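Biologist: I would like to learn how to read contacts, cavities, pockets and ring pairs. Can we take them one at a time?

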Amino acid sequence: SFAYPKTDAEAVKKINISIKGGTTAALVGHSGAGKSTIINLLPRFYDPKEGEIHIDGQNISKVMLSSLRKNISMVSQDIILFDDTVRANIAYAKLDASEEQIKKACDFASASEFIEKLPQAYETLIGENGIKLSGGQKQRISIARAVLKNSPIILLDEATSSLDSESEEKVQNAIIDLTKNKTTLVIAHRLSTIIRADKIFVLNQGKIADTGTHNELLKNSMIYKNLYSKQLSA
């Protein structure tokens with residue numbers, strides 16, 4: 001269970017979930033259902049009010065924060081970029097990365113193509129928070145960074161809704177490549193991600209309302225069915 005500071009209302013209430021290593025689990029639910037809260041508890045941006053979180057049998061509150069975060073990559077809506085070169089922004093994930101590793105990560109993230117067209121390619125300064133880049137370009141730099149980090153756990157707040165369809169497709173394909181064989185927890189906004197997930201948790205008002213695969217939930221979960229229908233008609 002967890003409540004944000006200065007509030008009494010619990011954002012997540014007595015949830016108990018288990019995710020198998022190397023699989024993709026999706027969190028779906030209406031806005032305010034508790035999806036982002038769960039994602040934020042894993043790198044310990046907050047600690048649970050009650051209960052524990054374990055990774056590979058270890059209580060995450062008992063391991064070093066640096067060790068925990070080294071094993072987690074986060075690709076989210078709010079991408080933090082620095083007023084520095086493209087190269088420095090990507091290499092932030094692995095400061096001793098070679099030129100070849102950086103370029104490989106960019107190929108993997110479908111980012112090389114636009115980077116090479118920038119005025120100074122990898123040496124181009126991107127401005128504060130990447131102001132000189134489009135939304136899709138920022139997302140792909142964020143994915144390249146996660147690829148370079150090569151951590152076993154990926155947290156994905158899959159924010160592709162503000163991108164044009166061409167960028168969206170490229171970011172989506174890069175995400176599919178990034179999450180192969182990784183333990184992935186995704187806040188799913190897109191049908192393709194939801195359908196592909198090995199396990200889907202349906203959240204409602206901070207509680208787990210239903211769990212299952214896409215097909216199971218379509219049959220058994222009214223909340224899921226409604227969310228899915230809304231997406232189809234959007």
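Biologist: Which residues does Ser 73 touch, not counting residues up to four places away in sequence?

Modeller: Keep in mind that this is a predicted model. Ser 73 touches Ala 146, Lys 149, Ser 151, Ile 153, Ile 154 and Leu 155. Ser 73 itself is found in strand 4, residues 72-75.

Biologist: Is Ser 73 buried or exposed?

Modeller: Buried means under 20% relative accessible area. Ser 73 has 2% relative accessibility, so Ser 73 counts as buried.

Biologist: Now the voids. How many cavities of 30 Å³ or more does the structure hold?

Modeller: A cavity is a set of points where a 1.4 Å probe fits but cannot get out. The structure holds 1 cavity of 30 Å³ or more. The volume of the largest cavity is about 30 Å³.

Biologist: Which residues line the largest cavity?

Modeller: The lining is made of Thr 24, Leu 156, Ile 175, Thr 179, Thr 184, Val 186, Thr 193 and Arg 196. By class, that is 3 nonpolar, 4 polar and 1 charged. Strand 6 (183-187) and helix 8 (191-196) each supply at least two residues of this lining.

Biologist: Then the pockets. What volume does the largest pocket have?

Modeller: A pocket, unlike a cavity, is an open set of points. The largest pocket has a volume of about 950 Å³. It is lined by 34 residues, and the closest to its centre are Leu 42, Ile 53, His 54, Ile 55 and Ile 60.

Biologist: Which elements each supply at least two residues of the lining of the largest pocket?

Modeller: They are helix 1 (35-41), strand 2 (54-55), helix 2 (65-70), strand 5 (153-157) and strand 6. The lining of the largest pocket divides into 20 nonpolar, 11 polar and 3 charged residues.

Biologist: How much space lies in the second largest pocket?

Modeller: About 700 Å³. Here we meet Ser 73 again. Of the 23 lining residues, the closest to the centre of the second largest pocket are Phe 45, Ser 73, Met 74, Ile 80 and Arg 145. Helix 1, strand 4 and helix 6 (135-149) give two or more residues to this lining.

Biologist: Which element gives the most to the lining of the second largest pocket?

Modeller: Helix 6, with 4 residues. The classes in the lining of the second largest pocket are 12 nonpolar, 6 polar and 5 charged.

Biologist: Last topic, the rings. What describes a pair of aromatic rings?

Modeller: The distance of the centres and the angle of the planes. The structure holds 5 aromatic pairs. One of them joins Phe 2 and Tyr 4, at 4.8 Å centre to centre with 85° between the planes. Planes over 60 degrees apart count as edge-to-face, and the pair of Phe 2 and Tyr 4 is edge-to-face.

Biologist: Why is the pair of Phe 2 and Tyr 46 tilted?

Modeller: The ring centres of Phe 2 and Tyr 46 are 5.3 Å apart and the planes are at 50°, so the pair is tilted. Phe 2 lies in the segment before strand 1 (24-28), and Tyr 46 in the loop between helix 1 and strand 2, so the pair ties together parts that are 44 residues apart in sequence.

Technical notes: Residues numbered from 1 in each chain as written. Predicted model: local features only at pLDDT ≥ 70, side-chain atom pairs only at ≥ 80, totals over all residues. Heavy atoms only, no water. Buried < 20%, exposed > 50% of the residue type's maximum accessible area, 1.4 Å probe, protein only. Contact = heavy atoms within 4.5 Å. 1 Å grid on protein atoms, 1.4 Å probe; cavity = no way out; pocket = protein on both sides within 12 Å on 5 of 7 lines; lining within 4 Å. Points joined across faces, edges and corners; volume = space filled by probe spheres on them. Nonpolar A, V, L, I, M, F, W, Y, C, P; charged D, E, K, R; others polar. Phe/Tyr/Trp six-rings, centres within 6.5 Å; stacked < 30°, edge-to-face > 60°.
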